[in-house]
Amino acid sequence: MSTPKQKSRAELILLHVILIGTIVGSLTVINFIFGGVCPLRMIFGIPCPFCGMTRAHLAFLKLNCAEAFSEHPLFLFGFPYLFLLFHPSIFRGKWSKIRKIMLVILTLLFIITYFLRLFSLWIDFK
């Protein structure tokens with residue numbers, strides 16, 4: 001017999017699997033139709049802060065860590081960042097404050113990395 005808590009946890013896992021599948025499927029269709037998945041890059045011509053995450057994770061799955069870090073140096077923090085962002089109810093008490101601090105630190109890391117990459121890799125000052 002499964003308890004209600006185990007059942008709700010299984011439902012949550014199933015929901016996450018469906019959500020990830022929907023996102024991957026949508027990105028595949030967008031990539032096929034428009035030739036890219038980044039709306040910011042398609043509209044304004046500049047990459048978004050998460051540009052390279054998909055390529056980095058694919059390289060990491062192929063065990064090519066050097067390529068993964070060159071595609072996006074913070075790729076390992078992407079999923080934990082999203083988890084912290086979208087699951088605040090899991091963190092209670094002192095963990096709620098720790099979650100907020102971690103979100104601020106990760107957000108600052110992503111912003112700093114974005115501007116460093118933007119000015120060093122994508123913008124040509126010549």
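## Model and confidence

In the protein, confidence is lowest in α2, at a mean of 73, and highest in α4, at 90. These values are pLDDT, the predictor's confidence in each residue, on a scale from 0 to 100. The average over the protein is a pLDDT of 79, and 83% of the residues score at least 70. Where pLDDT is low, the predicted coordinates should not be read in detail.

This is a predicted model, in which local features need pLDDT of at least 70 and side-chain atom pairs count only at pLDDT 80 or more, while totals for chains, interfaces and linings use all residues. Residues are numbered from 1 along each chain as its sequence is written, and side-chain values use heavy atoms, with hydrogens and water left out. Helices (H or I, at least four residues) and strands (E, at least two) are DSSP runs, numbered from the N terminus.

## Helix α3

Helix α3 covers residues 53-61, and its buried residues are Met53, Ala56 and Ala59. Buried means under 20% relative accessible area, exposed over 50%, and partly exposed in between (1.4 Å probe, protein chains only). Just after the helix, Leu63 has a positive phi of about 65°.

## Helix α5

In α5 (residues 78-86), the buried residues are Gly78, Tyr81 and Leu84. Their arc around the axis is only 135°, which puts them on the same side of α5. Phe79 and Phe86 are exposed on the other side of this helix.

## Aromatic cluster

The whole structure contains six aromatic pairs. Rings of Phe, Tyr and Trp (its six-membered ring) pair if their centres lie within 6.5 Å; planes under 30 degrees apart count as stacked, over 60 as edge-to-face and the rest as tilted. In the pair of Phe50 and Phe110, the ring centres are 5.0 Å apart and the planes are at 45°, so the pair is tilted. Phe50 lies in the loop between α2 (39-44) and α3, and Phe110 in helix α6 (residues 94-122), so the pair ties together parts that are 60 residues apart in sequence. Phe50 is partly exposed at 37% relative accessibility, whereas Phe110 is buried at 5%.

Phe110 also pairs with Tyr81: the ring centres are 5.5 Å apart and the planes are at 55°, so this pair is tilted. With Tyr81 in helix α5 and Phe110 in helix α6, the pair ties together parts that are 29 residues apart in sequence. Tyr81 and Phe110 are both buried. Phe50, Tyr81 and Phe110 form one aromatic cluster.

## Salt bridge

A salt bridge is a side-chain nitrogen of Lys or Arg within 4 Å of a carboxyl oxygen of Asp or Glu. By this rule there is one salt bridge. Glu71 forms a salt bridge with Arg55, with the closest N and O atoms 2.8 Å apart. Glu71 lies in helix α4 (residues 65-71) and Arg55 in helix α3, so the pair ties together parts that are 16 residues apart in sequence. Glu71 is buried, with a relative accessible area of 19%, and Arg55 is partly exposed at 42%.

## Cysteines

The whole structure contains zero disulfides, a disulfide being a pair of cysteine sulfur atoms within 2.5 Å. Cys51 is buried at 8% relative accessibility, whereas Cys65 is partly exposed at 36%.

Terms used: Arc of directions from axis to C-beta.
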